[in-house]
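Here's a quick tour of a protein model, taking in a pocket, the overall fold and some charged pairs. Have a look at the structure first.

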Amino acid sequence: QIMSLVLVFILLFILSESISAMRVDADPRSILSFMDKQLSPELDILRVTTDLSPDDHLVFRIRTRGERSDREKNEDYFLLQILHEKNYIFLIPLNKQTDGKVLIYEHDFETENSLKSTAFRKSSLQADFSAKYLSQSAEFTIPLDWINFGANFSYDAYTIQARIQDNILQVNKVYDQARKGRAEVEHVSAITLLNKICLSQK
C-alpha cells in the first residue's frame, strides 16, 4: 500500500515537471536556461527575455550569472541568433569594449545547423540595430519595421569564442546556449510573438 502511494507521488511529480517544462518552452517571450557551475559566471546564461521599447524596437536581454572581471579574451562574444527568413547572428564582445554598435552576420538559409559548422558572412543590413551592456546582461534592440510579420520567428542566445576574418564569422567554441538541453526550437509567427509581448504589458 505504502509503495503504491510512493509510486503515485513519483509519477505525479514527474508529470508536473514535464508540464512545467512544456509551459516554459511554449512561451515565446522568454527562454529559461539551466545554470552551469562549471562555466565562469559571465559565460553562464540564465535566461533570455523579450520586450517592446517605447520607440518601436523589439528588445532581447541576455542575463548571465555574473560579469567578466578582466578585459582580455577579446575573441569572446555574446551572440543572439534569430531565424527569420535567414539565419542572422548579432554579436557584441564580452569584454564590454563596445560603442553600442552590433556586429551582424547572416547565412542565406534559415537552418538550425551547429554554429561551429556554419560560416557566416557580414550582413549588409542598414536598419537601426544596437546593443548595450546592463548589469550581468547584454541587451540587443531590433527595429520592428525590419520584421516580416507574416514569417516565422525564433531566437536563441549563446556565449561563444569566435574568429572574424575577411568579413567571415567562424564560431570556434560555444560556451553556453540558452536553449541547451531542448530537443528542438519552437517556431512561431512573428505576429504571435509580438501579440504575446503586448498582452504581457497590459
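## A pocket and its lining

A pocket here is an open set of grid points with protein on both sides within 12 Å along at least five of seven lines, and its lining residues have an atom within 4 Å of a point. Bear in mind that this is a predicted model.

The second largest pocket has a volume of about 180 Å³. Around it sit Val-102, Leu-103, Ile-104, Lys-122, Ser-123, Leu-125, Gln-126, Ala-127 and Phe-129. That lining splits into 6 nonpolar, 2 polar and 1 charged.

## The overall build

The protein has 2 helices and 12 strands, and they run in the order α-β-β-β-β-β-β-β-β-β-β-β-β-α along the sequence. Of its 202 residues, 40% count as buried. Take the contacts between residues at least 6 apart in sequence: 61% of them join residues at least 24 apart. As for surface, the protein exposes about 11,500 Å², with carbon and sulfur atoms supplying 52%.

## Charged pairs

The whole structure holds 9 salt bridges. In one of them, Glu-106 meets Lys-86 at 3.0 Å, N to O; that pair ties strand β6 (residues 103-107) to strand β5 (residues 86-93), 20 residues apart. Glu-106 also pairs with Arg-121, again at 3.0 Å, and here the partner lies in strand β7 (residues 119-122), 15 residues apart.

Glu-106 counts as buried because its relative accessible area is 6%, under the 20% cut-off. Lys-86, at 25%, is partly exposed, and so is Arg-121 at 34%. Lys-86, Glu-106, Asp-108 and Arg-121 are linked in a salt-bridge network.

Conventions:
Residues numbered from 1 in each chain as written. Predicted model: local features only at pLDDT ≥ 70, side-chain atom pairs only at ≥ 80, totals over all residues. Heavy atoms only, no water. 1 Å grid on protein atoms, 1.4 Å probe; cavity = no way out; pocket = protein on both sides within 12 Å on 5 of 7 lines; lining within 4 Å. Points joined across faces, edges and corners; volume = space filled by probe spheres on them. Nonpolar A, V, L, I, M, F, W, Y, C, P; charged D, E, K, R; others polar. Helix = DSSP H or I, 4+ residues; strand = E, 2+ residues; numbered from the N terminus. Buried < 20%, exposed > 50% of the residue type's maximum accessible area, 1.4 Å probe, protein only. Contact = heavy atoms within 4.5 Å. Areas by Shrake-Rupley, 256 points an atom, 1.4 Å probe, with all protein chains shown as cover. Salt bridge = Lys/Arg side-chain N within 4 Å of Asp/Glu carboxyl O.
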